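I open this notebook to record what I looked up, entry by entry.

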Amino acid sequence: MTERLKGKVAVITGASSGIGEATARSFVQQGAYVLLGDIQEDLGKTVAESLGSNAEYVFCDVTQEKQVANLIGQAFEVAGRLDVMMNNAGVVGARAPIDEIDLEQFQKTFEILVAGSFLGIKHAAKVMKPQESGSIINMSSTAGLNGGFGPHAYAAAKHAIVGLTKNSAAELCRYGIRVNCIAPSGVTTPLAAQAHLGNFRAMDELEATLAQNSPLKDRAGTAEDVANAALFLASDESGYTNGHCLTVDAGFTSGSKSGAPQHMSNVPFMREAGKTGLGD
Ligand SMILES: NC(=O)c1ccc[n+]([C@@H]2O[C@H](COP(=O)([O-])OP(=O)(O)OC[C@H]3O[C@@H](n4cnc5c(N)ncnc54)[C@H](O)[C@@H]3O)[C@@H](O)[C@H]2O)c1
């Protein structure tokens, strides 16, 4: 144990499963005290118990302001401060062609993904401003950086997370608080299994599918890959990183693709149409 978060108090929402669970494991292993907020009570309690005395589950629906305030209040009671707030809870939400999406479902998607993150930032900032330190980590997605990576409401909400991250970073920096976000592509969690395969338990099949389509040969992204990014942003190692969106996507959003490389056949020089090579 290298204890990169030694003595820090952290809150993670959506920590009963997937990326939140993997991040809670990593944070505790690195010396933090972690409060796991989630609506999945039995699962959350089981995860927290498996992490020992430095983890605690608290029921929290991120769309309910009082519950978010209570979660952060309980973290504050541990040591009189909050060092890390990770707004991770999420759903895929409304999923349909744009001309068929139900308004209520669209709004509910935004309520969980955007308003839920906003409430986490708001109440973390209340505690972090007086202490003049803290790291807030929001969860975006490759769907929040480019078109075509997810359903419409999800993509719009994840773009909003990037904006909210940059804007709150621009305000909170003067209090020594850093705000960053993470943008993963598909990684092996129940949410991705449900989205890609219609079965949240199909983890092996998901891993095979992700590995097959990954720009990095035979390598699926995992919840632990995202937890590693969160660990960097939570720790003092990222002390000068603020307002940033860290992709964990094997290069998908910067043009990396699976399969044979394009534009890489050996032609010494190409010029305008109708001419090839330097001698033409
Ligand atoms: N898995 C991926 O491929 C992927 C890719 C990009 C971004 N993300 C994002 O990562 C985050 C975590 O997703 P995951 O893949 O680990 O999914 P997951 O389903 O394994 O975990 C999400 C957790 O959020 C909780 N949750 C849902 N609604 C909530 C609410 N209102 N209040 C509190 N908790 C709530 C769920 O109970 C669940 O435990 C999400 O924001 C998701 O959009 C995931």
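This is a predicted model: local features need pLDDT of at least 70, side-chain atom pairs count only at pLDDT 80 or more; totals for chains, interfaces and linings use all residues.

Entry on the ligand. I looked up which elements contribute to the shell around the ligand: H1, helix H4 (103-131) and helix H6 (190-197) each supply at least two residues. The ligand has 29 residues around it, and I list Gly 14, Gly 18, Gly 90, Thr 189 and Leu 191 as those that come nearest. Sorted by class, I record 13 nonpolar, 14 polar and two charged residues in this shell.

Entry on the sheet. I traced an open sheet of seven strands, whose order is E3-E2-E1-E4-E5-E6-E9 and whose pairing is parallel. Strand E3 (55-59) and strand E9 (245-248) are the edge strands, each pairing on one side only. From one strand to the next, I note a twist that averages 20 degrees.

Entry on pairings. Strand E4 (residues 84-87) pairs with strand E5 (residues 134-139) in the parallel sense, over four bridges. In this part of the sheet, I find Asn 87 opposite Asn 138 in E5. E5 in turn pairs with E6 in the parallel sense over six bridges, and Gly 134 stands opposite Ile 177 in E6. I followed the chain from E5 through H5 to E6 and recorded this β-α-β crossover as right-handed. E6 and E9 also run parallel, joined by four bridges. There I find Ala 183 opposite Thr 247 in E9.

Entry on E6. Why is E6 largely enclosed by the rest of the structure? I checked burial and found that eight of the eight residues of E6 are buried, so the strand is largely enclosed. I then separated the two directions in which the residues of E6 point. Ile 177, Val 179, Cys 181 and Ala 183 point one way, while Arg 178, Asn 180, Ile 182 and Pro 184 point the other way, and all are buried.

Entry on helices over the sheet. I looked up what helix H1 (residues 18-29) lies across: strand E1 (9-13), strand E2 (33-38), E3 and E4. H1 runs at about 170 degrees to E1. Helix H5 (residues 152-172) lies across E5, strand E6 (177-184) and E9. For H5, I record an angle of about 165 degrees to E6.

Methods. Residues are numbered from 1 along each chain as its sequence is written. Two strands pair if DSSP finds at least two bridges between them. Axes are lines fitted to C-alpha atoms, for helices over the stretch in contact, and angles run from 0 to 180 degrees between N-to-C directions. Two residues are in contact if their C-beta atoms, placed from the backbone, lie within 7 Å. A residue is buried if 20 or more other C-beta atoms lie within 10 Å of its own, exposed if 12 or fewer, and partly exposed in between; C-beta atoms are placed from the backbone. A crossover is right-handed if, with the strands pointing away from the viewer, the path from the first strand over the helix to the second runs clockwise. A residue is near a molecule or strand if its C-beta atom, placed from the backbone, lies within 6 Å of it. Ala, Val, Leu, Ile, Met, Phe, Trp, Tyr, Cys and Pro count as nonpolar, Asp, Glu, Lys and Arg as charged, and the others, Gly among them, as polar.
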